[in-house]
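Please have the sequence and the model open while I speak.

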Amino acid sequence: MTEQQQALVPAPPAEPPVTPGDRPPPARRDRRVLRAALRWTAAVAVFAVAGAGTAYGITRMERTDVPGLATGSDGRWDYPLLTKPPLPSGSPGPRAESNPAGTHHADLRALLLPAPEGAEENEALRGSDGWLATEDFLGEFTEKADRDDFRQRLVDGGLRHIAARGWTTEDGTRTRVYLLQFDTAAMVDDRFHGVLFPYSGPAYPVRGAEAVVSDEDFPEEATVPGVTRTAYVESAPYGAEQDRQAYLAAGDVLAVVLQSRKGTAPAVPFQQTVVLQSQLLG
């Protein structure tokens with residue numbers, strides 16, 4: 001600022017002296033909001049975009065800033081910092097108007113949710129070069145007839161790739177995430193998600209979870225733009241484990257999230273996992 005500009009700025013009014021007893025205590029800042037590590041946004045994420053072909057960062061809000069989650073600890077897992085992989089130069093995102101097919105141009109394997117801290121990863125789900133064989137995915141389903149039918153649907157639908165990741169946390173919860181990529185979003189919506197995974201229940205029972213119902217407790221505010229979600233929970237009485245399932249339509253990708261735990265499968269880490277995977281795809 002020049003001396004002339006400084007002369008145009010009026011001097012601030014004088015303030016009365018403040019005694020130590022009148023001085024307000026210094027404001028406390030919650031250092032947790034400064035951490036780079038992601039815990040869970042519970043449906044609130046901010047994607048920082050630094051131009052075409054760059055990575056996106058996912059940040060978090062504090063638990064007390066999210067309606068319905070103002071508790072000290074609710075069972076959520078600690079995930080590492082999440083970033084969306086860079087897009088090839090000049091390629092639009094799956095929700096761009098210039099991308100009517102909803103194509104995910106980023107590497108599908110890089111769109112998989114990583115395992116949370118302290119979890120043991122299931123190496124078998126990595127497949128070959130990160131691509132899982134169709135038969136390994138179909139092994140999640142109970143009946144041979146269902147597997148055969150689903151296999152034919154995948155062939156007819158032009159399945160391109162399956163990327164998967166799985167892990168087991170210290171409390172014994174087993175999580176499996178599968179990303180199935182097709183040619184267009186219309187194929188995912190019309191031939192798979194809308195047909196095989198309706199509100200009433202999935203068309204193909206998953207092993208160990210033959211009686212499931214719609215998960216009415218999954219919060220609607222956890223919906224991620226650009227992602228259609230159907231979630232189910234195994235109804236009582238169930239066997240040694242309880243299962244939770246979610247099927248997501250996100251552009252040209254059908255995502256399957258399965259979670260099982262001996263006794264009961266807690267809702268919070270399941271919802272957390274589904275939301276974070278949705279954010280990576282949305």
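How many bridges join strand S9 to S10, and in which sense do the two strands run? Strand S9, residues 241-250, is joined to S10 by 10 bridges, and the two run antiparallel. Within this pairing, Tyr247 has Val256 in S10 as its bridge partner. The two strands form a hairpin with two residues between them, and Gly251 in the turn has a positive phi of about 60 degrees.

Before I continue, some conventions. This is a predicted model, in which local features need pLDDT of at least 70 and side-chain atom pairs count only at pLDDT 80 or more, while totals for chains, interfaces and linings use all residues. Residues are numbered from 1 along each chain as its sequence is written, and side-chain values use heavy atoms, with hydrogens and water left out. Helices (H or I, at least four residues) and strands (E, at least two) are DSSP runs, numbered from the N terminus; two strands pair if DSSP finds at least two bridges between them.

The protein has five helices and 10 strands. Of its 282 residues, 43% are buried, where buried means under 20% relative accessible area, exposed over 50% and partly exposed in between, with a 1.4 Å probe and protein chains only.

Let me turn to the sheet. Seven strands form an open sheet in the order S4-S5-S6-S10-S9-S8-S7, with antiparallel pairing. Its edge strands are S4 (120-121) and S7 (212-214), each of which pairs on one side only. S10, residues 253-262, is mostly covered, with eight of its 10 residues buried. S10 also pairs with S6, residues 174-181, in the antiparallel sense over eight bridges, and there Val257 of S10 is the bridge partner of Val177. Ser214 stands opposite Tyr232 in S8.

Next, the helices. H3 (residues 144-156) and H4 (residues 185-196) pack at an angle of about 150 degrees, with their axes 11 Å apart. Axes here are lines fitted to C-alpha atoms, for helices over the stretch in contact, and angles run from 0 to 180 degrees between N-to-C directions. H3 and H4 are therefore roughly antiparallel to each other, the term for angles over 145 degrees. Phe150, Arg153, Leu154 and Asp156 of H3 meet Arg191, Phe192, Val195 and Leu196 of H4, contact meaning heavy atoms within 4.5 Å.

Finally, the loops. Where is Gly208 found? Gly208 is in the loop between H4 and S7, and is exposed, with a relative accessible area of 52%. Leaving aside neighbours within four places in sequence, Gly208 is in contact with Thr142, Glu234 and Asp243. Gly208 and Ser260 are 52 residues apart in sequence, yet 9.1 Å apart in space, C-alpha to C-alpha.

Two backbone details remain. The peptide bond from Ala236 to Pro237 is cis, with omega near -5 degrees; Pro237 is found in the loop between S8 and S9. Asp129, a residue other than glycine, has a positive phi, near 55 degrees. Asp129 is placed in the loop between S4 and helix H2 (134-138) and counts as exposed at 65% relative accessibility.

Thank you; I welcome your comments.

Technical notes. Parallel < 35°, antiparallel > 145°, perpendicular 65-115°, else oblique.
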